[in-house]
Amino acid sequence: MSSYLLEDFVGNGVLKDQIDMLLADGWDDVPTLKMMTPEDMDLLQLTQFHRDALEIRTYLHDRSLMQYADALEKSGKTLHELLETSPETLMSDYHMKRGHVARFIDRASACSIQLPRNLNLPARVTTKVHHGVEEPEPAAPAEVEEKVKKIKEPKSTKPPKLGETKPSSTPVPAEESPRNDVEMLYPGVKLVAGADGKSTTDISGFKSPVVLRPVGGPATVSKGIFSAAPVTPRFCGLVMPGSISEEVTQLPVLEKVMIRKLAPAYVKGNNPFKKSSAPIKLPPPTRASELWADQPTLILCLRRPGCVMCRAEAHQLYARKPIFDAMGIQLVVCLNEHIDAEVRAFWPRYWGGMVVVDENREFFKALGGGTLAKEGLITGFFLNPVSKANWKRATDTGIEYNLTGEGNIKGGLYILRAGNGGVAYQFVERNFGDWAPLEEVLDVCGNIQVLPKEKLLHLQVVAIFKGTECS
């Protein structure tokens, strides 16, 4: 798979001179650059040469063919023209290998990742701010608009009988009160009577509503979701899979874990491994709870950074970094041992997020229900058809790998809500090379995010009721 180093992506082409400008506008990593739209290019005032180069490099990066990027860009042809070139010309003029030619001309061999419509790319927002383009406020969801409409509709009243008070002074029943309707829509918002008799709002307790639903099930409140691939007996039933607790780890268990930070989230120019070839000096241990103190965090617990299946899983997760960024989810890889050379080879080529080490392997014990989930290569790989299928899936990507380090401790994945919210999702690697299903991961992250549009919608509803008479 292609490298996530920004320098490797832009190469020696025309985009190299635009790096500083792109960084200033928030286009500071490869996955985000690959999601740039023509509208973004217009705002950035990119020339046609820049656009063609970005299109070519994005296409090649998706197909792990970046070694040909400089030559193809230098040809001056567009991607469409290059795809119409004969295989013989590609091999003779650009020295493509026959297998690479087949991968290059197969337009369906890789599918670009699209940002969901309900999300806004942070780099896009930054670019619009820098260039003076105002972002329109998002429309309120249909169900909320309907409730607001009902709240705004005047209540039907009958003419008062002789001796009765006017309808306007009649108390509104609790179930019909605008105060209750607003507070039901927005927990924490209070409509209180001001000195002038008009209702005002107290938003000190407002929190954007978040409901976590089990994947594929009805919307319900859940403490967390446990997920794992099925494991079957092996070798004609003579080898039985080990049992494992299918309970979500309690937050106090993870809050006690001590970690060391090995590498920060990748930003061009901030590479701690370039300063010296000597092993980096590790910082003092810190509590893992600091990772998710302020924002939801995805923690990928890897068996071994040199493992081909681990590298492939990390690569395909980080490819969706713009989606996680738009949802406010932090990405972290946790290793169970520190081998300096292995960390250097892994970051940021296959993973550009933060990398930490759990030297006591507490995260890995928690995934195993309190004990390390370990399995030997004979029963765990050679006699396990699922693990061998996982290995083939990973090696088909062309990723380089090695056998250095501890590879028998199984990993998994955690998604934690911010602060004291607890574990939202936990995936356990039962077979070597099991990946957490992306649909599940994105679904859970989508349900624990706090979208800016919800806060804007809250302000819109508050504005509606600023002139409402208090009952």
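Helices (H or I, at least four residues) and strands (E, at least two) are taken here as DSSP runs, numbered from the N terminus. The structure described below is a predicted model.

**Nonpolar cores**

The largest nonpolar core comprises 88 residues, and Phe104, Leu298, Trp351 and Leu413 have the most contacts inside it. Its greatest contributor is helix α14 (residues 308-318), which supplies 7 residues. A separate, second core contains 25 residues, among them Leu254, Trp292, Cys334 and Leu367. The surroundings of Leu413 can be listed: beyond residues up to four places away in sequence, its contacts are Leu298, Ile299, Leu300, Leu317, Leu367, Tyr425, Gln426, Phe427, Ala436 and Val441. Trp351 also belongs to an aromatic cluster, together with Tyr4 and Tyr318.

Helix α20 is largely enclosed by the rest of the structure, because 8 of its 11 residues are buried. These buried positions are Leu438, Glu440, Val441, Asp443, Val444, Cys445, Asn447 and Ile448. The elements that cover them include the strands β3 (225-228), β6 (297-301), β9 (412-416) and β10, as well as the helices α14 and α15 (321-326).

Asn431 lies in the loop between β10 (423-428) and α20 (438-448). With neighbours within four places in sequence left aside, Asn431 contacts Ala229, Pro230, Val231, Arg234, Asn384, Val386, Ser387, Asn390 and Lys410. Lys410 is also placed with its charged end over the ring of Phe432, 5.4 Å from the ring centre. In a further arrangement of this kind, the charged end of Arg393 sits over the ring of Trp435, at 3.8 Å from its centre.

**Aromatic pairs**

The whole structure contains 8 aromatic pairs. In one of them, the ring centres of Tyr266 and Trp347 are 6.0 Å apart and the planes meet at 75°; the pair is therefore edge-to-face, since the angle is over 60 degrees. This pair links distant parts of the chain, 81 residues apart: Tyr266 is in the loop between β4 (258-263) and β5 (286-287), and Trp347 is in the loop between α16 (340-346) and β8 (354-357). Phe381 and Trp391 make another edge-to-face pair, with 6.4 Å between the centres and 80° between the planes. Here the partners are 10 residues apart, Phe381 in helix α18 (residues 377-382) and Trp391 in helix α19 (residues 385-395).

**Strand pairing**

Strand β4 runs antiparallel to β5, to which it is joined by 2 bridges; Met258 stands opposite Arg287 in β5. Strand β4 also pairs with β8 in the antiparallel sense, over 3 bridges, and Lys261 stands opposite Val356 in β8.

**Cysteines**

A disulfide is a covalent bond between the sulfur atoms of two cysteines. A search of the whole structure finds 0 disulfides.

**Backbone features**

The peptide bond between Trp347 and Pro348 is cis, with omega about -5°. Pro348 is situated in the loop between α16 and β8. Two residues other than glycine have positive phi: Ser64, near 55°, and Arg361, near 60°. Ser64 is in the loop between α5 (48-62) and α6 (69-74), while Arg361 occupies the loop between β8 and α17 (362-367). Ser64 counts as buried because its relative accessible area of 19% is under 20%. At 22%, by contrast, Arg361 counts as partly exposed.

**Accessibility of selected residues**

The table collects values for residues discussed above.

| Residue | Relative accessible area | Class |
|---|---|---|
| Tyr266 | 5% | buried |
| Cys301 | 3% | buried |
| Cys310 | 4% | buried |
| Trp347 | 2% | buried |
| Phe381 | 14% | buried |
| Trp391 | 33% | partly exposed |
| Asn431 | 2% | buried |

Notes: Residues numbered from 1 in each chain as written. Predicted model: local features only at pLDDT ≥ 70, side-chain atom pairs only at ≥ 80, totals over all residues. Heavy atoms only, no water. Core = buried A, V, L, I, M, F, W, Y, C linked by side-chain atoms within 4.5 Å. Buried < 20%, exposed > 50% of the residue type's maximum accessible area, 1.4 Å probe, protein only. Contact = heavy atoms within 4.5 Å. Phe/Tyr/Trp six-rings, centres within 6.5 Å; stacked < 30°, edge-to-face > 60°. Lys NZ or Arg CZ within 6 Å of the ring centre and 35° of its normal. Disulfide = S-S within 2.5 Å. Pairing = 2+ DSSP bridges.
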